[in-house]
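Here is a short briefing on one protein model. Keep the sequence and the 3D view open as you read.

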Amino acid sequence: MAMYRRCEAEGVGISVMKAFGGGQLLNAKTSPFKRALTEYQCIQYALDKPGVVTVLPGIRGKEDLERILGIFQGVQRG
């Protein structure tokens, strides 16, 4: 957390990669939270950290891209 705060204080933006933890966060058996998170929760968790300006979720193809973009379209409408 200290790194996040220092980057924010110094105006250094952080880009988060692998927001789903290679799929581990999406599976209750492998998630450190002891439950599966949704893709939206993973992205929001990363964006809530100080200094984070970009989240780059893993996209394997058109289906992944459309699903992830759908998350943001729903947020804009809400």
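Salt bridges link Glu-39, Arg-60, Asp-64 and Arg-67 into a network. The model is predicted. Across it, the count comes to five salt bridges.

**Inside the network**

- Asp-64 pairs with Arg-60 through a salt bridge, at 2.8 Å from N to O.
- Asp-64 also meets the side chain of Arg-67 in a salt bridge, at 3.0 Å from N to O.
- Where do Arg-67 and Asp-64 lie? Both are in helix H3, three residues apart, about one turn of the helix.
- Asp-64 is buried, because its relative accessible area of 6% falls under the 20% cut-off.
- Arg-60 is exposed, with a relative accessible area of 74%.
- Arg-67 is partly exposed, at 33% relative accessibility.

- Glu-66 forms a salt bridge with Lys-62. The closest N and O atoms of Glu-66 and Lys-62 are 3.7 Å apart.
- That distance counts because a salt bridge needs the nitrogen within 4 Å of the carboxyl oxygen.
- Glu-66 and Lys-62 both sit in helix H3. They are four residues apart, about one turn of the helix.
- Is Lys-62 buried or exposed? Lys-62 counts as exposed, at 62% relative accessibility.
- Glu-66 counts as partly exposed, at 49% relative accessibility.

- Which residues make the nonpolar surface patch? Ile-59, Leu-65 and Leu-69 make it, and it covers about 250 Å².
- Leu-69 belongs to helix H3, which spans residues 62-77.
- Leu-69 is partly exposed, with a relative accessible area of 44%.

**Cysteines**

- How many disulfides does a search of the whole structure find? The search finds zero.
- Cys-7 is buried, with a relative accessible area of 17%.
- Cys-42 also counts as buried, at 2% relative accessibility.

- Met-3 has its place in helix H1, residues 2-9.
- Met-3 is exposed, because its relative accessible area of 52% is over the 50% cut-off.
- Met-3 and Pro-50 are 47 residues apart along the chain. Their C-alpha atoms are separated by 9.1 Å.

Conventions. Residues numbered from 1 in each chain as written. Predicted model: local features only at pLDDT ≥ 70, side-chain atom pairs only at ≥ 80, totals over all residues. Heavy atoms only, no water. Disulfide = S-S within 2.5 Å. Buried < 20%, exposed > 50% of the residue type's maximum accessible area, 1.4 Å probe, protein only. Patch = residues over 30% accessible without salt bridge, like charges linked within 9 Å, V, L, I, M, F, W, Y side chains within 5 Å. Areas by Shrake-Rupley, 256 points an atom, 1.4 Å probe, with all protein chains shown as cover. Helix = DSSP H or I, 4+ residues; strand = E, 2+ residues; numbered from the N terminus.
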